[in-house]
Amino acid sequence: MRLIEWGGNRLLEGFIISPQGWSSELLNEFRRSQSNLEKSHKIGGRWENQYLGVHHVPSARVPMRFARNAGKEELGISSMVLFEAPSGSVNPHPPFWFNVAGEGEKTGLHDHALMSVLSAVTYLQAEENCGDLYFRKQGYDDLTIKPEVGKIVIFPSSLLHGVHPNRSCTERISFAFNLFPFPLLLSEIGGI
Ligand SMILES: [Fe+2]
C-alpha cells in the first residue's frame, strides 16, 4: 500500500491482490443481485448509492476486512467492520454500497463523516478516463486518484471528495464503505 500524506491527512492507495479475482467475484455478485437492490437517493438524475445485504454480495467482506487491517497496521487506526447499519443510525442502509456511473455522470463533493472513522472505495469496473476520484481541502491542490480495477483507496471519513465525470463509454462501477471506531461507544451512536 502507498501512504499518501496530503493536507495534513494520511490516506492509503493500493491493490488487493489476495484472493485473486475478488473484484470480478464481487462484480458478478452485484450483477446477479440487481432485483434486490435498494436505492437511497438520486443526484443529477442518477441513483447515488445502491445497497445490498452482505448475503447477496459475500465478497464485499474481502475489501472491508482488508481496509480494517490496513487501517490498523499502516495508519494506526483501530476500526470495526459492520455489515448492518449501527443501531441508532439515521441511515437505515448497510454501511457499504455500490455506485454505477454511466457516460458523463459524476459524483458531487461530499464526505462520510457521520459516525465512521475510515472510509474506502474500490473499483470493480473502470475503463480509461472513467472519472478520477478527487479529494478537496481549502488551501491545497486537489488530490486526484485514478480508478483501476482491484484498487482500494482508504481515507479519513471526514475528507471531502467527489468523482469527475465518466468520459469513457463504459459504466464505472465502484464499491465503497465506512468503518467504525473501535470500540463503538454508545455515546457516539446516540444510544445514550
Ligand atoms: Fe464518497
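I take helices (H or I, at least four residues) and strands (E, at least two) as DSSP runs, numbered from the N terminus. On that basis I looked up the secondary structure of the protein chain in this predicted model, and I noted two helices and 15 strands.

Next I turned to overall dimensions. I found that the C-alpha atoms of the protein chain occupy a box of roughly 50 × 40 × 35 Å along the principal axes. I then compared the radius of gyration with the globule rule: because a compact globule of 192 residues would have a value near 16 Å, the 16 Å of the protein chain agrees with that expectation.

For burial, I noted that 32% of the 192 residues of the protein chain count as buried, where buried requires 20 or more other C-beta atoms within 10 Å of a residue's own. For contacts, I looked at those with a separation of 6 or more, and 76% of them in the protein chain come from residues 24 or more positions apart.

I read an open sheet of four strands with antiparallel pairing, in the order S9-S14-S11-S12. Its edges are strand S9 (107-110) and strand S12 (143-145), each of which pairs on one side only. With direction ignored, I recorded that neighbouring strands of this sheet are turned against each other by 15 degrees on average.

Technical notes: Residues numbered from 1 in each chain as written. Predicted model: local features only at pLDDT ≥ 70, side-chain atom pairs only at ≥ 80, totals over all residues. Pairing = 2+ DSSP bridges. Axes fitted to C-alpha atoms, helices over the stretch in contact; angles between N-to-C directions. Rg over C-alpha atoms; globule rule 2.2 N^0.38 Å. Buried ≥ 20, exposed ≤ 12 C-beta atoms within 10 Å, placed from the backbone. Contact = placed C-beta atoms within 7 Å.
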